[in-house]
Amino acid sequence: MRYSAFSLLAQALTGNRFAKPAWREPEPKPHYDVIIVGGGGHGLASAYYLAKEHGITNVAVLEKDHIGSGNVGRNTTIIRSNYLLEENNPFYEKSLQLWEGLEQDFNFNAMVSQRGVLMLCHSDGQRDAYARRGNAMRLHGVDAELLDRQGVREMVPYLDFDNARFPIYGGLLQRRGGTVRHDAVAWGYARGADSRGVDVIQNCEVKGIRIEHGIVKGVETSRGFIGCNKLGLAAAGHSSHVAKMAGLSLPIESHVLQAFVSEGIKPMIDNVVIFGVGHFYVSQSDKGGLVFGGDLDAYNSYARRGNLPMVEHVMEAGVSMIPALGRVRVLRAWGGIMDMTMDGSPIIGKTHIPNLYLNAGWCYGGFKATPASGFCFAHTIARDQPHELNAAFRLDRFRRGYPIDEAGRGATPNLH
Ligand SMILES: Cc1cc2nc3c(=O)[nH]c(=O)nc-3n(C[C@H](O)[C@H](O)[C@H](O)COP(=O)(O)OP(=O)(O)OC[C@H]3O[C@@H](n4cnc5c(N)ncnc54)[C@H](O)[C@@H]3O)c2cc1C
C-alpha cells in the first residue's frame, strides 16, 4: 500500500477498515542470505539498502525488543554534516543528501525539517576553529556560513549575548541541517525493507553466534537457531555484548546519554542551537516541547537512565545560553546507551571472520548517520568490500594507528 494524500483520504472516508499494517510479523525462516542483528535505525536502513540497491532480499533483521525501542527512538533528532575531517565529512554529507530525499524514497513521512543548525562560539580561538571547520566543509562542497555576533543576534535574539563567562562571539551555521522525527525513521525503513521482502523479526534476541571452521553459520536466538551466509552486527549500545559472542573484543565503551523534553510552549526556537561551552543543544518539536540534551554521564553503564548531576549540568548550560529557559518546566527525561569508540568515529566494515561484518561505535552522533551508515554497510556486506565513504572506518584502524579523532581528545571515549 502506497501512502499518498489520496490514500489518506480514502482511509479516512472508509474508517481505516482497509488499512494494512505497515510491516508484517513473519516467523523466522531456518536460513537467510543475510542476517542483521539489531532493529535500530542502522540495522533497518542496512536491510533496506541491501534490498533496494543490491537486490538482496532474503534478509532478516533480528530485534530483541520492538523496533524503535533503542537509540533510534531515544535521540534528540539532530541531523547535520558539519564535520572537519576528510574521513567524516563526505560520509555525513552523503547522509544529509539521503535524508533530503528519504521520505519520497521510502514513502513515509519522517518529518525531515531542514531548519538550520547553529553552533555558537564564545572566544576568538573557538571562532578560528569554526572558521577552519567551515572552510573544510566548503572545500567538500558542503554549505557553511560563519556568522558574526550581529548575525547570530538577528537569527536567535533570545540568547544571553553578554553572559559574563560565555559571551557570544558568533556561530557556524549549516542551513541544511535540522531535525527528523526519530522513530518514524525506524518505521519508514522497516516498512520499506518489508515491502521489498525483508523479514523484520521483533522480540527475537540473539544469544549466541555459531562459528564453524572460522566461518559464521548462524545465530542462536530466543526463537531458536537461524542460519545465514553473512552476518551483520548493528546493535549500537550493545555492540560489545553481541560482538563478544563471536569472540571479538571491541575498542568501545558504553555510556548513558540523557535527553529531556519540556512542557509545550509557544513557538520560540525555530532551528537547532548548540552551545559552544558546556554541552547543550536544543530544538523545539512541532508539539511545542523543547527537546534538549547535553553530555554523557561519564561512567560506563548499560542502564537506560542517568543520574542527577548530569541533569543539573544540562540545565545549568541551558539557562546560561537562554536565561528564559529558567521558567520552563521539564516534562520528561530518559537515557540511551551510547557505543563510544576510542576516537569518537564509527566502525563500518569487515572483521577478521570472513562473513561477519560490524556496524558500531556511533557515539552520540549516530542518528544523523543512519541513511549513509545503512547505505555503506549494505554495500560492504553485498560486495564484501567497503564503499569508498566508509573505507576509513575500519575496525583495525586502532591497531594500525589511524584514529579519526574529530574532537582531538585522544583515547578517552567519554570525552568525544
Ligand atoms: C539521548 C540521546 C540523544 C541523541 N541525540 C542524537 C542526535 O541529536 N543526533 C544524532 O545524530 N545522534 C544522536 N544520538 C545517537 C543516536 O541515537 C545513535 O547513535 C543511533 O541511534 C544508534 O544506532 P541505532 O539507531 O541502530 O541504535 P538502536 O536503535 O539502539 O539499535 C540497536 C538495536 O539493537 C538491538 N539489540 C541489541 N542487542 C541485541 C541482541 N542481542 N539481539 C537482537 N537485538 C539486539 C537493540 O534492542 C536496539 O533496538 C543520541 C542518542 C541518545 C541516547
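Predicted model: local features only at pLDDT ≥ 70, side-chain atom pairs only at ≥ 80, totals over all residues.
**Helix packing, domains and the ligand shell**

Residues are numbered from 1 along each chain as its sequence is written.

The axes of H2 and H6 (residues 182-195) come within 8 Å and cross at roughly 30°, where axes are lines fitted to C-alpha atoms, for helices over the stretch in contact, and angles run from 0 to 180 degrees between N-to-C directions. H2 and H6 are therefore roughly parallel to each other (angles under 35 degrees count as roughly parallel, over 145 as roughly antiparallel, 65 to 115 as roughly perpendicular and the rest as oblique). On the H2 side the contact is made by Gly-41, Leu-44, Ala-45, Ala-47, Tyr-48 and Ala-51, and on the H6 side by Val-185, Ala-186, Tyr-189, Ala-190, Gly-192 and Ala-193, two residues being in contact if their C-beta atoms, placed from the backbone, lie within 7 Å. By class, this contact of H2 with H6 has 10 nonpolar, two polar and no charged residues; Ala, Val, Leu, Ile, Met, Phe, Trp, Tyr, Cys and Pro count as nonpolar, Asp, Glu, Lys and Arg as charged, and the others, Gly among them, as polar.

H2 also packs with helix H9 (residues 370-383), at an angle of about 55° and with the axes 7 Å apart, which makes H2 oblique to H9. Here H2 passes H9 in a right-handed crossing. Among the H2 residues that meet H9 are Gly-41, His-42, Tyr-49 and Glu-53, and the H9 residues facing H2 include Thr-370, Gly-374, Phe-377 and Ile-381. The contact of H2 with H9 comprises 10 nonpolar, seven polar and one charged residues.

H9 has a further partner in helix H3 (residues 89-106), for the axes of H3 and H9 come within 7 Å and cross at roughly 105°, and the two helices are therefore roughly perpendicular to each other. Pro-371, Ala-372 and Phe-375 of H9 meet Phe-91, Tyr-92, Lys-94, Ser-95, Leu-98, Trp-99 and Leu-102 of H3, a contact that divides into eight nonpolar, one polar and one charged residues.

At the level of domains, an automatic or database domain assignment gives the protein chain domain 1 (28-78 + 182-251 + 343-415) and domain 2 (112-177 + 253-341). The centres of domain 1 and domain 2, taken over C-alpha atoms, are separated by 28 Å, and 23 residues of domain 1 are in contact with 21 residues of domain 2.

The shell around the ligand draws at least three residues from each of domain 1 and domain 2. Of its 40 residues, Gly-38, Gly-40, Gly-70, Gly-336 and Gly-366 come nearest to the ligand, a residue being near a molecule if its C-beta atom, placed from the backbone, lies within 6 Å of it. H2 (41-54), strand E12 (252-264) and strand E16 (330-341) each supply at least two residues of this shell, with helices (H or I, at least four residues) and strands (E, at least two) taken as DSSP runs numbered from the N terminus.

Terms used: Left-handed = near helix turned anticlockwise from the far one by under 90°.
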